[in-house]
Amino acid sequence: MAAEDLPSEFDVVILGTGLAESVVAAACSRVGQRVLHVDRRSYYAANWASFTFNALLTWIQEHQAESLSEEVQDRSSLVEEGEELIYLSGSDSASISNLQVFCYISEEAEEEEEPLNTTEEEEAGAAGEDAAKEPSETESAGSKEEETGEAAEGDEQAAQEQGEEPEADQPQPSAPPSQSEPTRKKISYTQLEKEGRRFNIDLVSKLMYSRGSLVDLLIKSNVSRYAEFKNVTRILTYRHGSVEQVPCSRADVFASRQLSVVEKRKLMRFLTSCVEETEEHQAYNGRPFLEFLREQQLGDNLQHFLLHSIAMVTEDTLTEVGLASTRHFLRCLGRYGNTPFLFPVYGLGEIPQCFCRMSAVFGGIYCLRHSVSCLIVDKDSNRCKAVIDSRGQRISCSHFVVEDGFVGADRQVTTPTRLLSRAVLITDASVLPGNSEQQVSLVTVPPTDGRPAVNMVELSPSTMTCIPGTYLVHLTCQSVGSAYEDLSPVVTRMFCTAECQDQENRPAVLWCLYFNMADGSGVEPEGHDLPSNVYVCSGPDGALGHEHAIKQAESIFLKILPEEEFCPPAPNPEDIIYDGENTAPTSTGEEEGLTAAGGEGEEKQQEQQEMETSLQPEE
Amino acid sequence: MHGRVKIKTTAQQEEEKRKEREKKLKIYVAARDACFSKRNEGIWDDEALQLTQQLLSSNPDFATLWNYRREILMHLETVKDKDEVQKIYEAELSFTESCLKVNPKSYGSWHHRGWVSARLPRPDWARELTLCDRCLSLDDRNFHCWDYRRMVVKMSGVPVDQELAFTDRLIGSNFSNYSSWHYRSTLLPLLHPESPEPPSPCREPPQSSPPPSPQTHSHRVCEEQLLKEYELVQNAFFTDPNDQSAWFYYRWLLGRAEREEMISCVYVNRDEERVAVAFSRPVNAQSVGLFLILDGQPQRVEWRSVHPRFKQSPVWICNLPPGTISDITNERNLTVHWTEKHTHRDCALYTGRTESWCRDSATDQELFRSELSVEKTSVLQSELQSVKQLQELEPLNKWCLLTIILLMRALDPLGYEQEMLAHFRTLKEVDSMRSAYYSDLCSKFMIENTILKMEYAEVRVFSISDKNLTTLCHLDQLLLVTHINLSSNHLQRLPPQFAMLQCLEVLEADNNAIENLEGVYHLPKLEEVLLKNNKISTLADLQTLASCPKLKRLDLRGNPVTQTANVESELAELLPSVTDLLL
């Protein structure tokens, strides 16, 4: 943004461009509120963002660097009588921790099949360090990012201090990396960097339930016109050491080769019976879902599928919860395809941006790299009257919405933060090669040995999130230890990392990233020892869908504007009357008007990628 | 900074839309009139092409305009060179494509596309096939597209195996698709025809010497492939037993054989100097070239069907010229030739005999098993096992029950009789809307069983009392029966087909609901008719009995007709031959 001053008065000021904040922004603008939406970051969507490969490396670097404690500037000069200041936190760096990067491929393509830079490995080994981080150093060694590697090391040490790491000696640096597989086309690190712009790597990994609140909202509000979606084409599960397809739709059940015809019938009958709640179901209320499944005479196969992949609950979940979850799954099935899920083309980071765009179309003003440093509170009413932005401008507002990361730790009333463990892998093949190379898969990995259940999403290049010849794999679970501790056992079991050479059938990991992210599910919009017209939005939660953020946005909107409708359908471009215009505009004028309106306030990262399509499945 | 977004009110929008519509209508009407007048003047120019294109893009179902367009194109063909024609037609293809996007089920657009494709100097069938596939992926039941696709496949000679893979794909994505299953049924016999060797001998309890199979197998599929198909279709009906398409395909797989066309029986009676001939299917004997040879001498005879109602009938009769066979001391040899089918049947009337016949019995022909003609009993047996397994899981599924019945019929109709009846009872309960259909079907199967039993016993008595019969069928098989017992059933009539029982002497049909005796017609040997407790209400209903010359005994007790005034005297007048009348 140009360094001009912003208007000094808004109805709603929003700090942070995560999903909930962006939905609130769109909803408020849509009903005529004057909205200022800012983010301290240089990109949209906060922890919901998608990055190109290179942007992700920068993001990693930023988070590994010592978080600079920003000078808190004294703004008391802007305070009038009867007002007090609440300083906001300068950064949200606390929400990301335990970053670890591993690279299992060589710098250049077709190089000799030597293990990565051996000397450095030995050095590191000599340092008595976990061998697993070896590749990460190699990765940074070639570039000028020496400090990054060190930072990673620091982080890792920190992570290891927290607990035992029995699998630490699992990876064997002496083993040749995955290049031992001659049939696969090798992709070099240089190539990843060179084609890095074609990656869209999400920080969160979620899917959109076809009848979930996000999809409903996208349709209802017409925001769907700003994005395009792909079906998740199959649901897989990890069982007995191998990956199997979960038959969930009628077509899947029909085609399934693992199920006997009798199992097919039992499964179909069970699923049909789940659609409506019956007295038989109610009789199991309060008892474990697994017990209910067992008494349906379903057999191990089907129990596994139903528990872990369809209801996606744990063994001790109560029957009513398991059934509700199954029902939701089934309701979503078949709306757009053979699974209940959609995934936005170009990544999940598109979604908050779509809502920002809608807000901008309806007059919202957008500034990135621009923050709010403190709030001015009227002492009598305990309401936020105005904010002071990072440039020291006082901007009055009636409501203030803020991402939880910017609320000073002293004011947060959340109980000890829960964390999510995340891993992002770039691999060279699908975990279950099928007849099509363009599968988008959800893989459920049931809990084992006290480790939590892991949701894994494997994206093919058709989702425009990775380059041809690669797959982008996201793993997510509730943290028990660090992301590496929680997820690397799953990665080692299912993929071929540099260390294991005998697993020729498994996809090779080319590059991977582990990190922990704060779990947003515990954050409440209010009650943070903050003025009553200040609302806190949480970051991403660990659930597969988007219900939490959308519900939160709706409840915040209703508190701000209890009388207004939440995101009514946006009018068609031809129904919009432009300033000073009396006659009906020509059709081309309308289109331009919309594009201009959308583009003006925004700094879209990927303007060229936007396509306006309705929420209809591609295939 | 942005201005606030102002939105037009509904009234404004409405008004604008109305104006827009009016404007459009004006343009449309003007263009239409221009087209019509140009056509009347016989002008075939580019402008006309453009006008029709304009109109058809907004309304692709305007057949006259498509016709006009074709006239113009055919004219252009004569004046342009081949490359230009190719270009014109390619443009035409992309135009119809855009029309199909507006309405994917437009008759006009699909037809025009087919017409253009056929005339295109250098057609690109691969592209057309892709278009069809795309269209079917959007709506796998678009029959216009199926039709067009068949044409494309035919014209471009797509290999059958590719087409089979195509149906695999469609069935995989949604098996509730009759078009795909049907297409499969036409492809399989081409790709995996049944081996030409004779059917394996293990088809049934080995009988003396099985006659050449009456079944032909032109539409059959080799066994290996059949087994694969059974597996496929089982997956479908186990997944969704309520989906009919899979069950229908299954019925096709189990197969309905075609019976050989033949003369199944020749009957001759010396006293009446009469010949009756039964065919394997209804024919019109007057027009199929039927000749009767008696001791080498062609006879001039008049063939008539058993009842004037039938132009087509499986049984035909004729009278021989008086005196030709009446001498009981002579042996006579008859041959009936069916010239149209190059087949014939001989029958010898020996000295001292008053009647004689020659026939293939229902048991010889395995007549009632041919509905399901799978070769191997073991295959049927294992099919029965899996469908029974499904029935355990879905005890009330009607398709499942019906299929079990059919399989049991094919395997051992007599052995499974009790189970079959039990399944029919369940079927009538779970599918009460069709209970009458099931009753009729059950009647048919019971009659078949009774015919089999009669033939094993080698008697001419057909007895099927108290079996809940609602209808009569297979009466052509009862040509030789002398005594029939139909008592205590639910029959409402003795239909015209009943007249095929040409040898009948005694008819027992007490305790039914018979109102109508249409079929008791010209039965030359009928002596006794027992109709106690039926619903015959008028004398007119008894009229046909007068055509049976030997009728002596008639029991009408418990019928409404007995309440008629003067019934006794009226009957005596109507049926003078009856000496023993019970009222």
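Take helix 13 of chain A, residues 319-332. A helix here is a DSSP run of H or I with at least four residues, a strand is a run of E with at least two, and both are numbered from the N terminus. At 1.5 Å a residue, the 14 residues of helix 13 should span 20 Å, and its end C-alpha atoms are 20 Å apart, so the two values agree. The expected span is 1.5 Å times one less than the number of residues.

This is a predicted model, in which local features need pLDDT of at least 70, side-chain atom pairs count only at pLDDT 80 or more, and totals for chains, interfaces and linings use all residues. Residues are numbered from 1 along each chain as its sequence is written, chains are lettered from A and ligands numbered from 1 in the order in which they are written, and side-chain values use heavy atoms, without hydrogens and water.

Stay with helix 13 of chain A. Its buried residues include A:Thr319, A:Leu323, A:Phe329 and A:Cys332. Buried means under 20% relative accessible area, exposed means over 50%, and partly exposed lies in between (1.4 Å probe, protein chains only). After helix 13 comes A:Gly334, with a positive phi near 80°.

Now step back to the whole of chain A. Its secondary structure comes to 17 helices and 23 strands. Of its 619 residues, 58% count as buried. Chain A exposes about 24700 Å², and carbon and sulfur atoms supply 47% of that area. Accessible areas come from the Shrake-Rupley method with a 1.4 Å probe; for residues, only the protein chains shown count as cover. Contact means heavy atoms within 4.5 Å. Among contacts in chain A with a separation of 6 or more, 75% join residues 24 or more positions apart.

Next, the domains. Their bounds come from an automatic or database domain assignment. In chain A, domain 1 covers 9-91 + 346-415 + 522-560, and domain 2 covers 246-336. The C-alpha centres of these two domains lie 41 Å apart. Chain B is assigned domain 1 (18-173), domain 2 (223-252 + 368-439), domain 3 (263-353) and domain 4 (460-581). In chain B, 41 Å separate the C-alpha centres of domain 2 and domain 3.

Look at the aromatic rings. Rings of Phe, Tyr and Trp (its six-membered ring) pair if their centres lie within 6.5 Å; planes under 30 degrees apart count as stacked, over 60 as edge-to-face and the rest as tilted. Over all chains, the count is 37 aromatic pairs. One of them joins B:Trp146 and B:Tyr183, edge-to-face, at 5.9 Å centre to centre with 80° between the planes. B:Trp146 sits in helix 7 and B:Tyr183 in helix 9, 37 residues apart. Both residues are buried.

Another pair is B:Phe248 with B:Trp399. Their ring centres are 5.5 Å apart and their planes stand at 65°, so this pair is edge-to-face. B:Phe248 belongs to helix 11 and B:Trp399 to helix 14, 151 residues apart. B:Phe248 is partly exposed because its relative accessible area is 41%. B:Trp399 counts as buried, at 14%. Elsewhere, B:Tyr230, B:Phe237, B:Phe238, B:Trp247 and B:Tyr250 form one aromatic cluster.

End with B:Ser356. This residue is in strand 12 of chain B, residues 355-359. B:Ser356 has a relative accessible area of 7%, so it is buried. A polar atom of its side chain lies 2.7 Å from the backbone oxygen of B:Ala348. Not counting residues up to four places away in sequence, B:Ser356 touches residues including B:Val266, B:Tyr267 and B:Cys347.

Note on methods:
Polar contact = N/O pair within 3.5 Å; in protein donor to acceptor, adjacent residues only side chain to side chain.
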